[in-house]
Amino acid sequence: DSFPAAQSRAWKQWYQRRVRAEQTLYPPFHYVRKVPQKIIHCFTLLQLLQLGALCLVSFGGSAYLKMFFPFVIILLMPIREKVLPTLISERHLSALDGEH
């Protein structure tokens, strides 16, 4: 009986620490202090969409679909260089990339 409650409490603690964490709690050189959380969540969503596309091509049932995996990998570079800067500022991207 107490296991679901403990699991729910653990999820709530993780959510509060990771998703709703104060930006001031991080070191001053950390990207979380330099980039708004809305931008971080947008960047993470875009990364998850790219991962989903890779998994779709990689684990797809068709052998013909799996042949496009290298092309999808190659497409990730122009997406990062051309598409992401139109959605997220270059200053924020460099902080997210770890270039201080």
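Author: The side chains of Asp-97 and Arg-80 meet in a salt bridge, with 2.2 Å from N to O; the term stands for a side-chain nitrogen of Lys or Arg within 4 Å of a carboxyl oxygen of Asp or Glu. The pair links distant parts of the chain, since Asp-97 lies in the segment after α6 and Arg-80 in helix α5, 17 residues apart. By this rule the count comes to one salt bridge. The model is a predicted one, in which local features need pLDDT of at least 70 and side-chain atom pairs count only at pLDDT 80 or more, while totals for chains, interfaces and linings use all residues. Residues are numbered from 1 along each chain as its sequence is written, and side-chain values use heavy atoms, with hydrogens and water left out.

Asp-97 has a relative accessible area of 35% and therefore counts as partly exposed, a class that lies between buried (under 20%) and exposed (over 50%), computed with a 1.4 Å probe and protein chains only. The helices named here are DSSP runs of H or I with at least four residues, numbered from the N terminus.

Helix α6, residues 90-96, holds His-92, which is buried because its relative accessible area is 11%. Leaving aside residues up to four places away in sequence, His-92 touches Lys-34, Val-35, Pro-36 and Ile-39, where contact means heavy atoms within 4.5 Å.

Val-35 also belongs to the largest nonpolar core, which has nine residues in all: Val-32, Val-35, Ile-40, Phe-43, Leu-84, Ile-88, Leu-93, Ala-95 and Leu-96. Such a core is a set of buried Ala, Val, Leu, Ile, Met, Phe, Trp, Tyr and Cys residues joined through side-chain atoms within 4.5 Å. The elements that give two or more residues to this core are α3 (37-59) and α6, and α6 gives the most, with three residues.

Leu-76 counts as partly exposed because its relative accessibility is 22%. Its contacts, not counting residues up to four places away in sequence, are Gln-50 and Leu-54. The C-alpha atoms of Leu-76 and Gln-50 are separated by 7.7 Å, although the two residues are 26 apart along the chain.
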